[in-house]
Amino acid sequence: MRVVVVGGGKVGYYLVRTLLDQKHQVSVIEKDPDRAAFLAGKLPALVIAGDGTNLAHLADAGADRADVLAAVTGLDEVNLVACQVGRTEFNVPRTVARVNNPLNRAILKQLGVDTVVSSTAIIAHVIEQETNLESLRELFTLEQGRLALVEEVIAGDSPAAGRSVRDLAPGLPEDSVLMAIVRGDRLVFPRGETVLAAGDKVLALTTTDNEDGLMAALGGRRRTARVAGRPAKPGGDGR
C-alpha cells in the first residue's frame, strides 16, 4: 500500500517507521527543513521538505498514486486541509487525520475526513474504563467507535438476576443485542426463556451511546466517572 504522511514530528516519524516495517511504500512531507533533513537521514523513505497542504509538494510525495493520506501534524486545521486537498485534487481513496482537540473530531468527519484519530480521546477513554472498575467493560469497538462489544457480570443484586431475557428485553436500550452468556465453563446463547443468574458474564453488542443504558438495565447503575469528550447524557444522574 502507498501511504503519504503529512507531518514528520514524533507521531509522524514513528508512524512512518511502523508502516515501513509493515512493508508499505511511504513518503513523508515535513515543513521544517531541518527536521526533514533529519528524517531523510533516519528513514528509508521519500522525504519532501515542504507544506503538506501544497499541491506541488503533495504531487512530489506521490499523492496521485497514494492509497492513503495520513495527516498527523500538531495542527488540526493543517491536517484537515491536507486531507481535503488529497481527496479533491488527487483522489486519494482514504484519508486519516490526527486531531489534538477531541472536540474537532466531529467537525473533521463532517468535512469529509474518513478516519479521525484523537489520542487524547483514546487515552481519556482508557482512563474511564480503568477507573470505573465495576462498570460495563468494553472489550473492543467497531465501525470507528460507533459500536462496542461489552461485557457485564451479573451481580446478585442486579435487576437482571433471576429474570428471563424476554422480561428484560423491553428495558434494554435500542440497538443492543445480548449475544452470549458465559456461565462457569459453559457458553450459553441467550433465548427468550433464558434466565440470567448471578455470576453470569453477559456479552452484548451495542452502540457506544447506549452503553450507559445497557449498564443500567443489566447492572442497575450508571457510570461513576466521566471524562472529557464523553459527556453524560442529558437527564442522566452522572454518578
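Is Asp64 buried, exposed or partly exposed, and what is its relative accessibility? In this predicted model, Asp64 has a relative accessibility of 48% and therefore counts as partly exposed, since the term exposed is kept for values over 50% and the term buried for values under 20%. Arg65 likewise falls into the partly exposed class, with a relative accessible area of 49%. The side chains of Asp64 and Arg65 meet in a salt bridge, in which N and O are 3.5 Å apart; this distance can be read against the cut-off of 4 Å that applies to such a pair. Side chains of opposite charge can pair when their charged atoms come close.

The structure holds 3 salt bridges, and one of them joins Asp114 to Arg87, with the closest N and O atoms 2.3 Å apart. Asp114 is placed in the loop between α5 (105-110) and β6 (115-118), whereas Arg87 belongs to helix α4 (residues 76-90), so that the pair ties together parts that are 27 residues apart in sequence. With regard to accessibility, Asp114 counts as buried at 16%, while Arg87, at 28%, counts as partly exposed.

A salt bridge is also found between the side chains of Asp200 and Arg183, where the distance from N to O is 2.7 Å. Here Arg183 is part of strand β9 (residues 176-183) and Asp200 lies in the loop between β10 (186-188) and β11 (201-207), so the pair ties together parts that are 17 residues apart in sequence. Asp200 has a relative accessibility of 2% and is therefore counted as buried, whereas Arg183, with a value of 24%, is counted as partly exposed.

When its neighbours within four places in sequence are left aside, Val92 is in contact with Ala63, Ala66, Asp67, Val68, Leu69, Gly86 and Arg87. Among these contacts is Val68, which stands 24 residues from Val92 along the chain, although the C-alpha atoms of Val68 and Val92 are separated by 6.2 Å. Arg87 is also one of the residues in contact with Val92, and Arg87 is the residue that forms the salt bridge with Asp114 described above.

How values were computed:
Residues are numbered from 1 along each chain as its sequence is written. This is a predicted model: local features need pLDDT of at least 70, side-chain atom pairs count only at pLDDT 80 or more; totals for chains, interfaces and linings use all residues. Side-chain values use heavy atoms; hydrogens and water are left out. Buried means under 20% relative accessible area, exposed over 50%, partly exposed in between (1.4 Å probe, protein chains only). Helices (H or I, at least four residues) and strands (E, at least two) are DSSP runs, numbered from the N terminus. Contact means heavy atoms within 4.5 Å.
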